[in-house]
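I opened my notebook to jot down what I looked up in this one.

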Amino acid sequence: MTVPAQGARGTARRATTDPRPGARRNRSLRVAVIGGGPGGLYAAALLKRLDPAREVTVWERNAPDQTFGFGVVLSDETLGGIEHADPVVYEALRRDFVRWDDIDIVHRGVRHRSGGHGFAALGRHRLLEILHERCRSLGVDLRFSTEAPPVDRLAEDHDLVIAADGVHSTTRERYAHVFRPHVTEHHCRYIWLAADFAFDAFRFEITETEHGVMQLHGYPYAHPSPGHHPAPMPPGTQDRSGASTVIIEMREEVWLAAGFAQLDPQETLERCAKIFADALGGRPLRSNNSAWTTFRTVACEQWSHGNVVLLGDAAHTAHFSIGSGTKLAVEDALALAACLTEQPDVPRALAAYEEERKPVVASTQRAARASLEWFENLRLYLGQPPRQFAFNLLTRSRRVTHDNLRLRDPHFTEGVEREFGCPPGTPPMFTPFRLRGLTLRNRVVVSPMDMYSATDGVPGDFHLVHLGARALGGAGLVMTEMVCVSAEGRITPGCAGLYTGRQAEAWRRITDFVHRRAPGTAIGVQLGHSGRKGSTRLMWEGMDEPLPEGNWPLVAASPLPYRPGGQTPRQLTRAQLTDVREQFAAAAWRAARVGFDLLELHCAHGYLLSGFLSPLTNRRTDAYGGSLERRLRFPLEVFDAVRGVWPAERPMTVRISATDWAEGGTTAEDAVRIARAFAAHGADAIDVSTGQVVAEEAPEYGRSYQTPFADRIRQEAGVPVIAVGAISSWDDVNSLILAGRTDLCALARPHLYDPHWTLHAAAEQGYEGPGAGWPAPYRAGSRRPQTGRTDAPRPRLSLGG
């Protein structure tokens, strides 16, 4: 027999529970569980079921029928794990589950329904009853209305202590120096309520009030019985004939402006029911000691200390908008039980548990954070067309994408595409996009990537093949690496430049090839100056490490070295600022003459112009330092000089670092102001990257992790944006474009892996339109090759044994 747990990739993993001698480990464990929520109870039941000789005790401070919240949502993946681990619990859950497939989004009086999603929910009271019954039947000692003894004493008296004591875990606080928790409070207030009727779909309702935007999240958790007529219920009770969880959420400033801080509980219920009367059909709301609260994201660097281990909300939280709190706790319990069965002792079991669960939880928390921030910034999307707004909401966490929505509900997705302007059969990424006089045939950009392969700044055969191959690969726009405006402005001796006629002619060879052999693909140049990050080794010889010899002097906004022990730059004087500005203008003039279609000014990643923008790297006390407006002055002067020599019909973009990922640095709010300033001076789009400004940065990596900054700039500054950063699939590109979070997507590493990434994306989606034209010599390869034999005869008979 086997018991499953969720593996690191979310797949069901089964722990061997072979009854033969020696196969079961930790047979005589004494286990203490602090907290009688779903995670703690399920862990107790599993451990006792796997080995009846274990002594398992659960301490719960509340009475058995006392709980907070109403409905609990579990995914099919989690239910599959429960079914394999304990069919008794699964069958009890199955009988009470409410299942539904649809999501309704209601905004400005328009409702859009998307189907095929698959949810299962039941009342929290009922879930706890099932787990109580199962624990008792297995012999778990349940102690309700009883505070657990101090964790230090439990750790001495037991072989294992499972701290499932919730988001306010006293165990986590007791060993905070070991667990090293990070707790983040967010910007919305919310309250858990219930209504005595069953929604027929998961419902998101957006209401714009005189105080600001408010939202309702609602879902059913109990079936209505035939002929049932809802009626108000006494506080604290639940009507199993039909009920729904109702969460009301709004930003703190909206909550205060609406006066909720002054309302008593009954007034709160009445006010919420009135605001969302349409969603509720005029029905009342009820409470269960509900109170307004602010969501706290908990993340711990370590989950165990000796024989004490955290589980569920004690170790981590994920915002309710992706319904993951109970799911994660139950999956923690499955994994912990499996690891205790598989490993020879408790220390190795706890290490295996952390190794397995941390990546899964981190991924879920990234998705939850994206969802949470989407709702915090909901006001930014209110003006989107109704279907795009609905699509944006559905894909907010980046776990639901364009492709799987198309599979779940093709009718809904096709409607969004039509509203967006996709021609029939055209994926969003292959819709054209116009910047000034340049029309890009698709939304894919080959991101600038330093190759460190030039000689004296001259691009050679490598650059011709590198950029030419990617132009043939179908992207709408291919960008050069950062092309330096002076020899002193290079990062490394291998960096390319545009400060001599010889370099310009070498670039003309490349632009001529792209225009002649890859018609329909535009080529852009990125101009920059290394600033304090120059005079370093080639990347593969030691990134950001100074040259062992042949160094050149550095200049920057302020005399601050990039890394300890690195060269200290000279602060640019007024005269030198003029010289640098003219170097940019001269390089731009050459770029125009050699035929580049687009020019990007590099104001990111800690290079010279970026160094003026960040307060961490600009300590000047003259007119070019201090406030953001003064820090913007020199980059804008350079932009104006370049725009003045760059042909008016050709677009200019600006790459910025939207955050420094460091305390005291550029913030997302600053990035919006920076984008607005460049747009006011004539920038046609903002290329939104992050970081690399200071060596002590702490980025929050993850899939598409930089796109929220691009999204915010697009919505608030009203300027087109290019999103970049861990965008790796054509599905990501389609999702981001269709949701209106970006206008173009720049991909770097995927184009190193596959120069024909865009053409292959078209082939994989069955697209053969003008947005992805194959070069004539390559057309025979426009269909994916077969990878194995498919003509083997099929069996004609199946014979039973």
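My entries follow, one topic at a time.

**Before starting.** I kept in mind that this is a predicted model.

**Helix α13.** I looked up residues 386–394 to see how hidden helix α13 is. Seven of its nine residues are buried, so the rest of the structure largely encloses it. I noted the buried ones: Q388, F389, A390, F391, N392, L393 and L394.

**α2 against α3.** I checked how helix α2 (residues 76–85) sits against helix α3 (residues 87–96): the angle is about 130° and the axes are 5 Å apart. The two helices are therefore oblique to each other.

**R134 and D86.** Next I went through salt bridges; my search of the whole structure gave 48. In one, the side chains of R134 and D86 meet at 2.9 Å, N to O. R134 belongs to helix α4 and D86 to the loop between α2 and α3, so the pair ties together parts 48 residues apart in sequence. Both partners are buried: R134 has a relative accessible area of 13%, and D86 is at 0%.

**H132.** While in helix α4 (residues 124–138), I also looked at H132. H132 is buried, at 5% relative accessible area. Setting aside neighbours within four places in sequence, H132 contacts L41, P64, L142 and F144.

**Two other pairs.** R509 bridges to D461, with the closest N and O atoms 2.9 Å apart. R509 sits in helix α17 and D461 in helix α16, so this pair also ties together parts 48 residues apart in sequence. Here R509 is partly exposed at 42%, and D461 is exposed at 53%. R655 and E600 form a salt bridge too, at 3.8 Å. That one connects strand β27 to strand β26, and R655 is buried at 5%, as is E600 at 1%.

**A network.** I also found D102, D104, R111, R113 and D200 linked by salt bridges.

**R441.** What does a buried arginine without a salt bridge reach instead? R441 is such a case, with the nearest side chain of opposite charge, D597, 11 Å away. I placed R441 in the loop between β20 and β21. Its side chain reaches the backbone oxygen of G520 at 3.5 Å, and a 3.1 Å polar contact joins it to the side chain of T521. Among the other residues R441 touches are F430, P519 and P770.

Notes
Residues numbered from 1 in each chain as written. Predicted model: local features only at pLDDT ≥ 70, side-chain atom pairs only at ≥ 80, totals over all residues. Heavy atoms only, no water. Buried < 20%, exposed > 50% of the residue type's maximum accessible area, 1.4 Å probe, protein only. Helix = DSSP H or I, 4+ residues; strand = E, 2+ residues; numbered from the N terminus. Lys, Arg positive; Asp, Glu negative; His and termini not counted. Salt bridge = Lys/Arg side-chain N within 4 Å of Asp/Glu carboxyl O. Polar contact = N/O pair within 3.5 Å; in protein donor to acceptor, adjacent residues only side chain to side chain. Contact = heavy atoms within 4.5 Å. Axes fitted to C-alpha atoms, helices over the stretch in contact; angles between N-to-C directions. Parallel < 35°, antiparallel > 145°, perpendicular 65-115°, else oblique.
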